[in-house]
Amino acid sequence: MVFAGANFGSVLKALASAIPPERPALVHGERIVSWGALDALTDRIAAGLAARGLQPGDIAGQMLRNTPDYILAYFGCAKAGVVPVNVNYHYKTRELADICTRFGLKALFAESDFADAAREAMPGGGALTIDVGSAEWTALCESEVPAGFAIHDNPDALFLTATGGTTGMPKAVMWPMREAWGAFNIGVWQRPPGTPPLVVSSLEEQVAQAAAIGPDHPASTSPLLLLSPLMHGAGQFTAVIHLLKGGTLALLPGPKFDADVALGEIARIGARGVFIVGDAFALPLADRLDARGDGSEVLASLRSITSSGAVFSPALKQRLLAHAPHLMIIDALGSSESSGTGIVITAAAGSSGGGKFQPLPGPGRETRLFDENLKEIPQGTEGVGIVARTGPLPLGYLGEDAKNAQTFPVIDGKRWLMTGDRARWAADGTLEFIGRDNMCINTGGEKVFPEEVEAVLMEHPAVKDVRVVSLPDPRFGRKVVAVVQPEGEVDEAALDAHARSGLAGYKIPRRYVLTEQSLRLNNGKPDYKTAQGIAEGAEGAEGAA
């Protein structure tokens, strides 16, 4: 019998009761949080949140970088029954206020340099803003745990994962922890090639496996160095999965990704795994490895590089493998609504599925393709369809009934997730990925929605009309480009400054192209096709000059 899952806080406590308390749980440069400390600190945070008036079901945002404080706040919330949700720390006050209001935040954890913006954006009426660099955070971590205090143990308690939406602002995916347990395959333990994986039948079996497979065990995947942001679903999910298997999670010291620092940390801690987001991370790593010439030494401990959330180019995979032919590179297709749906494994000998995605197996899972009319496109037939899966799924988006009906339709009595990924079946049953089923621009793993950027630019008096499109970029996959129809004279520097005043940095156009052509169709709707052609023509003319 397959174990259905449990509350993440309960799992953490059960693991801590069996894992040696001195085993590292979190590594952040010289800062190490042991498993014993992780359990004790999150108990104290949970008790402190309850003492400050937060109730089970209240929602708390995490506007935090990749530090142990993110993990402590996350599991402290889980143990208190408070619902954690990731908040992008690039947001300006306007964007952040929208999140706080729509998600109904009762608390917001923030870094010191974001704390003032967080306080300004949070609604009044007793909402709590906690600066993790302040005495208030220290006091929360030192809260007294009252006699008889019991952590929240409802397996159907929620966590939220904020993701982009077609309106340009994030939606909150509502994940019951029990559903996430199955969707994330937390209770699935890989075995040597040719041996079926172990799927645990109880929490006790999960705990026993985690306790037995310590950092020195041959089957251990620890330490895992997480390079992608915890504020994104891919990083968050990876961290939770690894810790709920009793692993050691390493986070990069410093406020930003630095390829040299990352390579140094891999060697320093003897990392066995690294998690990235596509080419945005892989390209700088490959460039530095090529320049340094010490790849075989630096990557000696590493067994795998895993990526999800953005394009991971085959050429970059080969560049990385050239420095460490023993590596296994895992490229996962997934989303905040589904976790993983497909996977490609690449080694020096070649790629699984010929480089195409193999649908991920799992208890109760099915993966199919449907057309726009929700008619199945069976394997062995032609046609591009929307990738859909059933099995363990989230409840839907918070407060988005119409979107939920569209994204999670019931077909022939089963509830499906329409992932938004378009693909076709290959002859061998793998999925040939085509692209996303919307106008979303994915730049280095960040999602940028044209309508939002256009709305800000249209506020500038020198802009008559604007369409936002994208062009190829060697590092980030795509770059944001604004095609602007001006109203009189336009100062591009002033236009850029205007955009930066209201948008997160990753949403800012990398290029502005001016045109006198209309950017609308005869019916008045936006003409993205024309705008794309203008952008490509400008890029081509510059390249030919």
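Student: Is Val384 buried, partly exposed or exposed?
Tutor: This is a predicted model, in which local features need pLDDT of at least 70, side-chain atom pairs count only at pLDDT 80 or more, and totals for chains, interfaces and linings use all residues. Residues are numbered from 1 along each chain as its sequence is written, and side-chain values use heavy atoms, with hydrogens and water left out. Buried means under 20% relative accessible area, exposed over 50%, and partly exposed in between (1.4 Å probe, protein chains only). At 30% relative accessibility, Val384 is therefore partly exposed.

Student: Which residues does Val384 contact beyond its neighbours within four places in sequence?
Tutor: Val384 sits in the loop between β19 (366-370) and β20 (385-390); helices (H or I, at least four residues) and strands (E, at least two) are DSSP runs, numbered from the N terminus. Contact means heavy atoms within 4.5 Å. With that cut-off, the partners of Val384 are Ile377, Arg422, Ala423, Arg424 and Ile434.

Student: Where does Leu140 fall, buried or exposed?
Tutor: Leu140 belongs to helix α6 (residues 135-141). Leaving out residues up to four places away in sequence, Leu140 touches Arg44, Ile45, Gly48, Leu49, Arg52, Phe109 and Ile130. Its relative accessible area is 1%, so Leu140 is buried.

Student: Which residues have the most contacts inside the largest nonpolar core?
Tutor: A nonpolar core is a set of buried Ala, Val, Leu, Ile, Met, Phe, Trp, Tyr and Cys residues joined through side-chain atoms within 4.5 Å. The largest one has 70 residues, and helix α3 (residues 68-80) gives the most to this core, with nine residues. Apart from it lies another core, of 43 residues, with Cys100 and Phe103 among them. Inside the largest core, the residues with the most contacts are Phe8, Phe109 and Trp137.

Student: How are α10 and α11 placed relative to each other, roughly parallel or roughly perpendicular?
Tutor: The axes of helix α10 (residues 259-269) and helix α11 (residues 278-292) come within 9 Å and cross at roughly 75 degrees. Axes here are lines fitted to C-alpha atoms, for helices over the stretch in contact, and angles run from 0 to 180 degrees between N-to-C directions. Angles under 35 degrees count as roughly parallel, over 145 as roughly antiparallel, 65 to 115 as roughly perpendicular and the rest as oblique. The two helices are therefore roughly perpendicular.

Student: Which peptide bond is cis, with omega near -5 degrees?
Tutor: Look at the loop between α8 (203-212) and β11 (224-226), where Pro223 is found. The cis bond runs from Ser222 to Pro223.

Student: Is Asp412 buried or exposed?
Tutor: Asp412 lies in the loop between β22 (410-411) and β23 (414-415). Its phi is positive, about 50 degrees, although Asp412 is not a glycine. At 76% relative accessibility, Asp412 is therefore exposed.

Student: What is the radius of gyration of the protein chain?
Tutor: The radius of gyration is taken over C-alpha atoms, and the globule rule is 2.2 Å times the number of residues to the power 0.38. With 545 residues, a compact globule would come out near 24 Å, and the chain agrees with this. Its C-alpha atoms fill a box of roughly 70 × 60 × 55 Å, taken along the principal axes. The radius of gyration of the protein chain is 24 Å.
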